[in-house]
Amino acid sequence: MNIHEYQAKALLREYGAPVSDGRVVMRAEEAKTAASELDGPIWVVKAQIHAGGRGKGHFKESDAGDKGGVRVTRSVEEAAEEARRMLGRTLVTHQTGPKGKTVNRVYIEEGVDIDRELYLALLVDRSTSRIAFVASTEGGMDIEEVAAKSPEKILSFAVDPATGYQPFHGRRIAFSLGLEGKQVKQCVQLMGALYRLFTEKDAELLEINPLVITREGNLHCLDAKMSFDDNALGRHPDIAELRDTSEEDPKELEASKYDLNYIALDGEIGCMVNGAGLAMATMDIIKLYGGEPANFLDVGGGATREKVTEAFKIITSDPNVKGILVNIFGGIMRCDIIAEGVVEAVKEVGLNVPLVVRLEGTNVEEGKRILNESGLNVIAADDLADAAKKIVEAVKAVKG
Ligand code: GDP
Ligand code: MN
């Protein structure tokens with residue numbers, strides 16, 4: 001789960017990390033009061049969307065100006081004006097895609113004078129199964145670009161969970177960033193705070209880009225991006241509360257209500273599969289035969305007919321879906337339940353695209369009988385390869 005910058009900064013503040021005072025604003029009328037509660041001489045107005053690159057982004061609507069989603073202003077009036085111009089507009093950044101994201105919240109904060117912009121992140125390093133620090137002198141830029149063009153400018157190391165964070169970790173980062181004097185001590189403290197926040201709240205990513213050195217020579221967190229392990233949210237009600245569902249893909253949101261593992265993708269073949277491994281294999285084999293999956297959907301082991309119906313409805317509601325492949329290996333999941341769910345869903349929402357079904361395992365004959373007797377135009381398949389080949393061909397035929 002992702003959260004907004006202002007929410008991440010509140011957590012940083014709670015853990016003693018240096019962040020500016022700020023106010024979040026959801027309605028234009030509130031902007032001036034919010035800004036007047038903050039001290040100048042700089043007020044920074046920042047669009048709150050779950051995507052980075054806001055500073056270099058642009059608004060679709062001309063009346064929002066073309067100055068991007070982060071604006072440095074010099075008065076309360078100017079800050080309020082910029083906030084008003086952003087609210088309700090669509091911000092497009094390299095991370096939002098061309099559709100952009102609607103700005104429903106704006107953060108106004110006390111600005112700082114910047115001497116240097118640095119990069120700092122904590123993440124879960126899958127190769128070592130440990131939490132890793134990533135630091136670079138090249139802050140403010142895309143770290144992917146730095147990694148591609150000048151990887152020697154990135155320091156990265158994992159922390160041994162047996163010892164946890166130690167001051168030498170912080171010193172190592174401080175020296176690689178060229179920090180001096182009091183900044184070294186600030187860095188050791190800040191890294192400790194970030195590590196504590198990361199582990200205590202079961203985060204997946206904590207990125208400060210840029211971490212800056214102010215004109216006065218202090219370390220300061222200017223931006224903050226955080227995401228959390230969904231599977232750990234049960235023990236963090238305070239974090240779960242920060243969820244902003246308006247930022248999420250509506251289909252994924254609907255799926256999460258029914259406890260379905262659904263992820264929207266860019267392709268045209270909708271997949272309904274049981275088991276994450278089989279779902280992966282299904283996506284691979286679709287690609288092998290020249291198609292592209294429109295989603296990843298694992299209905300799970302003990303899905304009910306209702307759950308299967310909802311899953312099927314979510315797939316058919318995607319206008320990009322030009323064909324559907326149901327691939328079930330019935331172990332715990334019964335093939336007849338899948339068949340009933342599919343038939344039920346089609347009764348409710350219809351079926352305008354080819355449907356290939358491959359069923360195998362528990363109650364497979366009953367499942368096939370239900371589909372055959374339903375009058376649905378189902379293309380039956382014998383095995384996984386056959387199924388993938390048939391759906392790719394059927395989609396090609398439809399497109400002509
Ligand atoms: P992003 O573009 O979505 O990553 O948003 P950031 O919060 O990183 O802001 C983008 C850029 O705006 C930063 O790299 C800074 O150069 C600038 N910026 C943000 N806050 C301040 C501030 O308080 N003072 C100044 N002078 N610039 C700022
Ligand atoms: Mn940033």
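Reader: Which protein donors hold the manganese ion (ligand 2), and how far from the ion do they lie?

Author: Donors are N, O and S atoms within 2.8 Å of the metal (3.2 Å for Na, K and Ca), and sites may look incomplete, as water is not among the atoms. In this predicted model, which asks for pLDDT of at least 70 for local features and 80 or more for side-chain atom pairs while totals for chains, interfaces and linings use all residues, residues are numbered from 1 along each chain as its sequence is written. Chains are lettered from A and ligands numbered from 1 in the order in which they are written, and side-chain values use heavy atoms, with hydrogens and water left out. The protein donors of the manganese ion are Asn209 (O) and Asp223 (OD), lying 2.1 to 2.2 Å from it. Asn209 belongs to strand E11, whereas Asp223 sits in the loop between strand E12 (219–221) and strand E13 (225–228), so the pair ties together parts 14 residues apart in sequence. Strands (E, at least two residues) and helices (H or I, at least four) are DSSP runs, numbered from the N terminus.

Reader: Are Asn209 and Asp223 buried or exposed?

Author: Buried means under 20% relative accessible area, exposed over 50%, and partly exposed in between, with a 1.4 Å probe and protein chains only. Both Asn209 and Asp223 are buried.

Reader: How many residues surround ligand 1, and which are the closest?

Author: A residue is near a molecule if one of its heavy atoms lies within 4 Å of it. Ligand 1 is surrounded by 16 residues, the closest being Lys46, Arg54, Gly55, Val112 and Glu117. Domain 1 (21–110) and domain 2 (114–240) both give residues to this shell, so ligand 1 lies between them; the domain bounds come from an automatic or database domain assignment.

Reader: Where is Arg105 found, and which side chain does its own side chain contact?

Author: A polar contact is a pair of N or O atoms within 3.5 Å; within protein, one must be able to donate a hydrogen and the other to accept it, and residues adjacent in sequence count only if both atoms are side-chain atoms. Arg105 is found in strand E7 (residues 105–110), and its side chain makes a polar contact with the side chain of Tyr6 (2.6 Å). Arg105 counts as buried because its relative accessibility is 15%.
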